[in-house]
Amino acid sequence: VIEEGEPLHAVRTTCAYCGVGCSFEAGVREERVVRMVPADDGPSNQGHACMKGRFGWTYNYAPDRLRTPLLRQGQEWVEISWSAALDRIAEEWTRIKSAHGPDALATISSSRGTNEENYLFGKFMRCVIGSNHIDNCARVCHSATVTGMMETLGASAATNSIHDLDLAKLILVVGANPTESHPVLGARIKRAARRGVPLVVIDPRRTELARLADLHLQLHPGTNVALLNGMGHVIVKEHLTDTVFVSNRTQGFDEWLNLVAGCTPEATSSVTGVPVHLITEAARLYAKSGGSMAVHGLGMTEHRWGSHGVMALVNLALATGNIGKPGTGINPLRGQNNVQGASDVGCLPTFFAGYQPLTDSTLGAAHLAVTGRPLPTARGMKTPDMWDAALAGRLKTLWIIGYDVAQTDPNLKKVHAALNSLEFLIVQDLFMSETAKLAHLVIPGASFLEKDGTFTNLERRIQRIRKAVEPPNGVLPDWQVVCEVSARMGYPMQYSHPSAIMDEIAQLAPLFAGVSYDRLDRPEGLQWPVPSTTHPGTALMHEQSFPKGKAQFVPVEYLPPGEIPSDTYPLVLITGRILQHYNCGAQTRRTDIMQVVDTDVLEIHAGDAARLDLREGDQVRLISARGEARLPVVVSDRVQPGELFTSFHFPDTDLNVLLSSSADESSKCPEYKVSTVRLEKVTQT
Ligand code: SF4
């Protein structure tokens, strides 16, 4: 049921789906949310919303919401009290730490949780366990962006604001499908294109934006680096670089020149499959527009060389001076509601809050003064390292909050084996997820409608979420669960409200020094960096200088993806999202959106379908070197011959069993966008 009478009051909050961060008024009647209305003064949505934000929140009242902690006893789940559950976590973690040391314990936090919860989970690991073995779901989406932008620009977040899409003189979309994954932002790009702003789309699929685009560069999956270097070659050859910007604001240009000298359009075309004239034309348009704004998504990052792709894109922006000005820049479309914030506040094995190096001695002293505990300086494990450590017997316990790794990580058989090898797996979630089913202890979570906190959207905008209704049966928000366990392990963390946690973040991270709930209590929130309490926030980054003074060109050669088609596995499978559903589908599958789409489907090109004697609706077995999955097919002109696409929202498909452990070399971002498979038609019975 979506609407149950008129709301009696409204509570201002932020959408808990994608990184656009649309503002909403949650209408409440008799202690129940009855509708969600997009806020006219929402800075990123201006009264607009997509179907997920507008109608996809009723999972909050799904009958299978977890309401009580559950302990596994043999094959049975037994309901236990909150105090027994919290005691059990503390006992198991104290025991394992004493027996095996801090490296035997790790946590994975959630981009769905608030900034305050993510910071606190990191604090728990650093102060109570004494390690940096903490990661979050950004590992599987934009960790390659973090690496690529940190190495080139010294900061890993969108350089500009969503509003800049209205100022850009050209929009370059690389490996992103925002009309489905970030619909309100996608609509803004469509409006710009209809106003006549040139739109260039680089994507293996003919997405909605690709159909609207002036140029669609339909490259082979995994060849972003080659294509962007080829565009660089044209820009240099035709003297389209911004020589003043390059000389004043960058370093390493000559090394990049040497690299792109060999990347002729002809050579680029042979690798990418994109015709020479499109490579040339795209390069000219991008360099000559007078203000080109790049946005990129997971089609850029989820590759074996994803961070190199980001660097290749930044190199183009630096060479043409398309950065540090309105309507330009490098703008990753962060996927989940708070995937930006989870990394910002230090839920990373490699950085503390505000992307401060763990070895920074000034930070170390401040951390000791504020928390009373030293900051561990050794880098922690990234999520894929945790699977290896579990399988090797080094990692004994894992505490996962709001992240269904057993459905969403690649090479699922390996992930399941790793989870099954743990002595004690704790999962905190709204529902009995695929990961929770493998746990020893399951703790219910409070939803975004049931707690206070902040999310940070894809333009670095920190916005409030506010408690509209009570959680069921006294369920605790994640931050309180962490505080309770911490106290039981001898390190009390006492906060009267999440605002006090934000005050501590501001104290320890200069990027957020001027952030407080008082200042966030306005529709526009605050865009970081906010270096002081009088600073208005930063809509445009790198206007005068980069964090390290100059930006760094990082020349990156094209290298092939982890898998290339063979006689046994001749097709390339690409995975991604669709408009109606969201990631593992845990929320949207529990709403009326199921009446619109209730299954994943496999897109196949008409030529391949005819060759394999497949018709619309036929079931096929997708087979890779790691396993198989079943899906119905749709014949589609959105994919090229030899390529397939499917979404991943339904666990029954077992899709991620197919995917390899191939990942970006430096960030470990998995290569979801390139897996080789073969197809077999399932004979109807
Ligand atoms: Fe929510 Fe994103 Fe849709 Fe906005 S565009 S309503 S943030 S899912």
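## Strands, cores and a ligand shell

Strand 25 (residues 619-623) and strand 26 run antiparallel and are joined by five bridges. This is a predicted model, so please read the description that follows with that in mind. A hairpin of four residues links strand 25 to strand 26, and Ile623 has Glu628 as its bridge partner in strand 26. Strand 26 (residues 628-635) also pairs with strand 24 (residues 602-604), this time in parallel and through three bridges. There, Glu603 finds its bridge partner in Val634.

Strand 9 (residues 199-202) is covered on both faces. Leu199 and Val201 are buried on one side, and Val200 and Ile202 are buried on the other. Strand 9 runs parallel to strand 8 (residues 170-174), with four bridges between them, and parallel to strand 10 (residues 215-217), with three.

Here are the pairings side by side:

| Strands | Direction | Bridges | Example partners |
|---|---|---|---|
| strand 25 and strand 26 | antiparallel | five | Ile623 and Glu628 |
| strand 24 and strand 26 | parallel | three | Glu603 and Val634 |
| strand 8 and strand 9 | parallel | four | Val174 and Ile202 |
| strand 9 and strand 10 | parallel | three | Val201 and His216 |

The largest nonpolar core holds 180 residues, and Ile171, Met231, Leu313 and Ile505 have the most contacts inside it. Helix 14 (residues 306-320) supplies the largest share of this core, with nine residues.

Helix 4 (residues 143-152) is mostly covered, with eight of its ten residues buried. The buried residues are Ser143, Ala144, Thr145, Val146, Thr147, Gly148, Met149 and Thr152. Among the elements covering them are helix 13 (298-301), helix 14, strand 13 (330-332), helix 15 (339-344) and strand 22 (551-552). After helix 4 comes Gly154, which has a positive phi near 85 degrees.

Ser143 belongs to helix 4. Why does Ser143 count as buried? Because 31 other C-beta atoms lie within 10 Å of Ser143, and the cut-off for a buried residue is 20 or more. Leaving out residues up to four places away in sequence, Ser143 touches Ala138, Ser667, Lys668 and Cys669. Pro357 is 214 residues from Ser143 along the chain, and their C-alpha atoms are separated by 16 Å.

Finally, the ligand. There are 14 residues around the ligand, and Cys15, Tyr17, Cys22, Cys50 and Gly53 come nearest. Helix 1 (51-55) and helix 6 (183-195) are the elements that each give two or more residues to this shell. By type, the shell comprises nine nonpolar residues, four polar and one charged.

Technical notes
Residues numbered from 1 in each chain as written. Predicted model: local features only at pLDDT ≥ 70, side-chain atom pairs only at ≥ 80, totals over all residues. Core = buried A, V, L, I, M, F, W, Y, C linked by C-beta atoms within 7 Å. Buried ≥ 20, exposed ≤ 12 C-beta atoms within 10 Å, placed from the backbone. Contact = placed C-beta atoms within 7 Å. Near = placed C-beta within 6 Å. Nonpolar A, V, L, I, M, F, W, Y, C, P; charged D, E, K, R; others polar. Pairing = 2+ DSSP bridges.
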